[in-house]
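I wanted a written record of what I looked up in this model, taken in the order in which I went through it.

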Amino acid sequence: MASLEIDALNKTYGSVRALRDMTFDVRAGEIFGFVGSNGAGKSTTMRIVLGVLAQDSGEVRWDSAPLGPDTRRRIGYMPEERGLYPRMKVGEQLVYLARLHGMDTAAARASMERWTETLGIEERRGDEVLKLSLGNQQRVQLAAALVHEPDILVLDEPFSGLDPVAVDVMSGVLREQAAAGRPVVFSSHQLELVERLSDRVGIVRAGSMVALGGIDELRTTEHRRWAVDGPPDSSWATGVPQVRVVESSGTTTVVEAAGTGPDDVDQAVLRAALAAGPVREFSLVRPSLTELYRDVVAAEAPADQDETEEGAA
Amino acid sequence: MSADRSLGSGAAIRLVAGREIRTRLASKAFIWLTLAFVVIVVLGGLLFKLTGSSSDPQQVAVTADAAAVADQVEATATGVGVEVVTREVPDRAAGEKLLSSGDADALVVATSPTLEIVVKQDLSDQLGSVFGSLAQQLALSSAVTDLGGDPAEVGKAVATAAPTVTALEPEPERDGGQIAAGVIVGILLFIALMNAGQLVAQGVVEEKTSRVVELLLATLRPWQLMAGKVLGIGVVGLVQLVLIVGAAVASSLGFGVLDSSSLDVGAIAVWALVWFVVGFAMFALVLAALAALVSRQEDIGSVTGPVIALMIVPYIVGISIAPYDPESTIVVVMSFIPFAAPFIMPIRQALGAVEGWEVAVSLGLSIALIPVLVWLAGRVYSNAVLRAGGRVKLKDALGGR
């Protein structure tokens, strides 16, 4: 199965190291969520994939071959800084962009018509982009990324500035594209959305990948925790070996078992709780992507955050 | 996985240029500016025709009886500075027919005993002085004959008698038509180059400001985008100039303004277009590169200022000195310097004050510089066009940092 491989990319702007051995891959048919604070290197990575920026070292490959202009023309790209010709009509603009990506006029026109319909902007084909509402401009921007029927999608912050309905439309398009066997990479700060959409997630800090994997994989922690809604006092838990109470409020007690504990420690915890009184809820607590992200990014050295990609780019 | 998506450089540049041409030709600014110029040029020609109609040569018909005087009429006319064309008619009736149809301004029917002239209504002042002087000469001739002398010899002596004038700073003779053509060519080229150059600079910054450049450069090489833009706007500028120059040539020929001039209007027009293409290539490349350094329309002036000065200086020299003194050192020297040549050489050519080899050398120098500019501009543009935010230093853009 073909995949988009980002292999040990390095990039330095003056004295700022924007990327340090950035490495990950996105498989065909997979949605890859790319998260990290501003300036962590997400946009820089995407721009290098598109060839808009040149890396200092490292390689980007598709289907095991280094990316060249002809392959790049098959990528659908949504830049972080949105950009269209403000005084060009929507339809004309999309046809022009499709043709720049190697489509012939007839195919470009047909594709423009299809995508403007799918995205609900078919009424605006004859309008200049600058006369559109912000939400519609975003839809045109997405259409611009899709109009040449790309085989790979690279979308930098596709959800920023979208209303809830547009977020649903965008999510649907991403899922469809992945279902059609295309690799989809997108970056976002809306972590709940990333968690919901992505098959795999990469968290970047200071130019390198610090956490990478499937959502479930990432959420599996070394120390397992359970939330127990039952006996009002947490003293019942103290008797269970290798388990400590993390927090307790009202009837809810959160306990943590050290990674070295036996696999059936959850049963021991439940038995101890039941012995102390009725238990209404017993659940494994897994960190959300937001919590994971905070953990990972909190370890960040403050000095790395100063330079933003925008300023240096 | 999907259809072939190769896009050759030629196709890419054609697409970019095509977009520029379609967008610009349809813009109101282009249509109105071009229309305004065409109207000005045509009205100018008409005005010139109305005010300068006296420069038409006077037609004088001479009957067979008086045919001997024809040469003398022309010689005398030249002496008093009037242009006269004579034609012989078989008899008075034929001559009068010409008068009534307006094809002749005066008819000489007899020379002795007195000079006898027939006109339709009255004799023009110019012809009046010619015939007055001629009558005196004829009277003198008959007196000379009476005294036994040779009137032809005396007549010749009288006709050719003229004061000898020594000019301390002689000025080569230029006719009004040539000077006018020189000034018009100078002004038109300046406006056309300035306008097209500004369009290039604005177009580059527009793509940067709107950030669409990032989307474009994901599929185009920077030099392809720059080349397409320069080419497209160049074609638009050329179309505009062809329309204006065409209107100028058509109105000058149509109104017959330049009948008396030694001007080759067609050649001047073609040369103006050649110099536009050469000048545009140079200025557009420089302006595209410099405009890529800034990100906002307001900042264009700060980088293009020096280039505009590079256009204004030769323009001023071109239209204020060259038409009146095409041999002056500054004019001759500047007509060879690449960025100044497009403003000055065509003026010298309009004045007929230049040798073929000079044009070839000047054109050769300019054209030789273009590949260097392509390389430099491509480098600066590629390095600067994706850097948003503040102004990029030229040194950094050249160094590729």
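This is a predicted model: local features need pLDDT of at least 70, side-chain atom pairs count only at pLDDT 80 or more; totals for chains, interfaces and linings use all residues.

Entry 1, a hairpin in chain B. I began with β3(B) and strand β4 (residues 116–118) of chain B, which run antiparallel and are joined by three bridges. Within this pairing I noted that B:A110 has B:E116 in β4(B) as its bridge partner, and that the two strands form a hairpin with five residues between them.

Entry 2, the other partner of β3(B). Strand β1 (residues 58–63) of chain B is also joined by three bridges to β3(B), which covers residues 106–110, but here the two strands run parallel. In this pairing I found B:V60 opposite B:A106.

The stretch I marked for caution is residues 302–313 of chain A, where pLDDT stays under 50 and for which the model has 20 contacts beyond four places in sequence.

I counted 11 helices and 14 strands in chain A, whose C-alpha trace spans about 75 × 45 × 40 Å along its principal axes. Of its 313 residues, 42% are buried, and among contacts between residues at least 6 apart in sequence, 69% join residues at least 24 apart.

I traced an open sheet of four strands in the order β2-β1-β4-β5 (chain A), with antiparallel pairing; its edge strands are β2 (16–27) and β5 (65–66) of chain A, each of which pairs on one side only. Strand β1 (residues 3–13) of chain A is joined to β2(A) by eight bridges, and in this pairing A:Y13 stands opposite A:V16. I then found helix α1 (residues 42–50) of chain A lying across β1, β2 and β4 (57–62) of chain A, at about 115° to β1(A).

Which elements of chain A supply at least two residues each to the side that touches chain B? I first noted that 27 residues of chain A are in contact with 22 residues of chain B, and then that α2 (69–72), α3 (90–100) and α11 (309–312) of chain A are the elements in question. Of these, α3(A) gives the most, with four residues. By residue class, this side of chain A divides into 12 nonpolar, five polar and 10 charged residues.

Methods
Residues are numbered from 1 along each chain as its sequence is written. Chains are lettered from A and ligands numbered from 1 in the order in which they are written. pLDDT is the predictor's confidence in each residue, from 0 to 100. Two residues are in contact if their C-beta atoms, placed from the backbone, lie within 7 Å. Ala, Val, Leu, Ile, Met, Phe, Trp, Tyr, Cys and Pro count as nonpolar, Asp, Glu, Lys and Arg as charged, and the others, Gly among them, as polar. Two strands pair if DSSP finds at least two bridges between them. A residue is buried if 20 or more other C-beta atoms lie within 10 Å of its own, exposed if 12 or fewer, and partly exposed in between; C-beta atoms are placed from the backbone. Axes are lines fitted to C-alpha atoms, for helices over the stretch in contact, and angles run from 0 to 180 degrees between N-to-C directions.
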